[in-house]
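Have a look at the sequence and structure first, and then we can walk through the contacts together.

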Amino acid sequence: MTEIDIDDYTLPEYITMYIIGKGPAYRSQIIREAINEFGDMIEHGPYIYGEYSDDIDEAVERLQWDGIARYVSPRGRIELTDYGRKYLHEFIEGGAFEDEDWEKARGRMTS
């Protein structure tokens with residue numbers, strides 16, 4: 001396994017890791033919780049069944065593609081892998097960020 005590089009992922013991807021890291025969740029639940037907790041930091045707007053975020057939806061896809069997250073069962077809930085937990089831990093515990101939004105998100109994750 002390669003060394004963790006915090007710049008490998010974007011803020012919406014770390015927000016997605018954080019939401020998934022709370023426990024397995026359906027994609028729609030991940031999007032809803034991300035908007036509720038971090039809506040001021042991610043782009044989102046109305047959709048047929050409520051608020052929707054392309055950023056978070058795309059983050060779920062990328063995290064699965066990269067092995068950071070996976071389906072618990074076919075077409076079921078999504079969970080973080082051990083590899084994903086390492087990235088999330090480094091984001092939360094790795095120290096302060098110069099970027100204000102990254103630091104604000106990290107602060108919300110630790111409070």
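Glutamate 33 is partly exposed, since its relative accessible area is 22%, and buried means under 20%, exposed over 50% and partly exposed in between (1.4 Å probe, protein chains only). This is a predicted model, in which local features need pLDDT of at least 70 and side-chain atom pairs count only at pLDDT 80 or more, while totals for chains, interfaces and linings use all residues. Residues are numbered from 1 along each chain as its sequence is written, and side-chain values use heavy atoms, with hydrogens and water left out.

**Salt bridges around lysine 22**

- The count comes to 10 salt bridges, where a salt bridge is a side-chain nitrogen of Lys or Arg within 4 Å of a carboxyl oxygen of Asp or Glu.
- One of them joins glutamate 33 to lysine 22, at 3.8 Å from N to O.
- This pair links distant parts of the chain, 11 residues apart: glutamate 33 lies in helix 2 (residues 27-38) and lysine 22 in the loop between helix 1 and helix 2.
- Helices here are DSSP runs (H or I, at least four residues), numbered from the N terminus.
- Lysine 22 has a relative accessible area of 45%, so this residue is partly exposed.
- Glutamate 37 also forms a salt bridge with lysine 22, with the closest N and O atoms 2.3 Å apart.
- Glutamate 37 sits in helix 2, 15 residues apart from lysine 22 in the loop, so this pair too links distant parts of the chain.
- With 29% relative accessibility, glutamate 37 is partly exposed.

**Other salt bridges**

- Arginine 27 pairs with glutamate 61 in a salt bridge whose closest N and O atoms are 2.6 Å apart.
- Here the partners are 34 residues apart, with arginine 27 in helix 2 and glutamate 61 in helix 3 (residues 54-65).
- Glutamate 61 is partly exposed, at a relative accessible area of 43%.
- Salt bridges also link Glu13, Arg62 and Asp66 in a network.

**A negative surface patch**

- Glu3, Asp5, Asp7, Asp8 and Glu90 gather on the surface in a patch of negative charge.
- Such patches take residues with over 30% relative accessible area and no salt bridge, and like charges are joined within 9 Å.
- Aspartate 5 belongs to the segment before helix 1 (11-21), and its 37% relative accessibility makes aspartate 5 partly exposed.

How values were computed: Patches are made of residues with over 30% relative accessible area and no salt bridge: like charges are joined within 9 Å, nonpolar side chains (Val, Leu, Ile, Met, Phe, Trp, Tyr) within 5 Å. Accessible areas come from the Shrake-Rupley method with a 1.4 Å probe; for residues, only the protein chains shown count as cover. Lys and Arg count as positive and Asp and Glu as negative; His and the chain ends are not counted. The place of a charge is taken as NZ of Lys, CZ of Arg, CG of Asp or CD of Glu. Helices (H or I, at least four residues) and strands (E, at least two) are DSSP runs, numbered from the N terminus.
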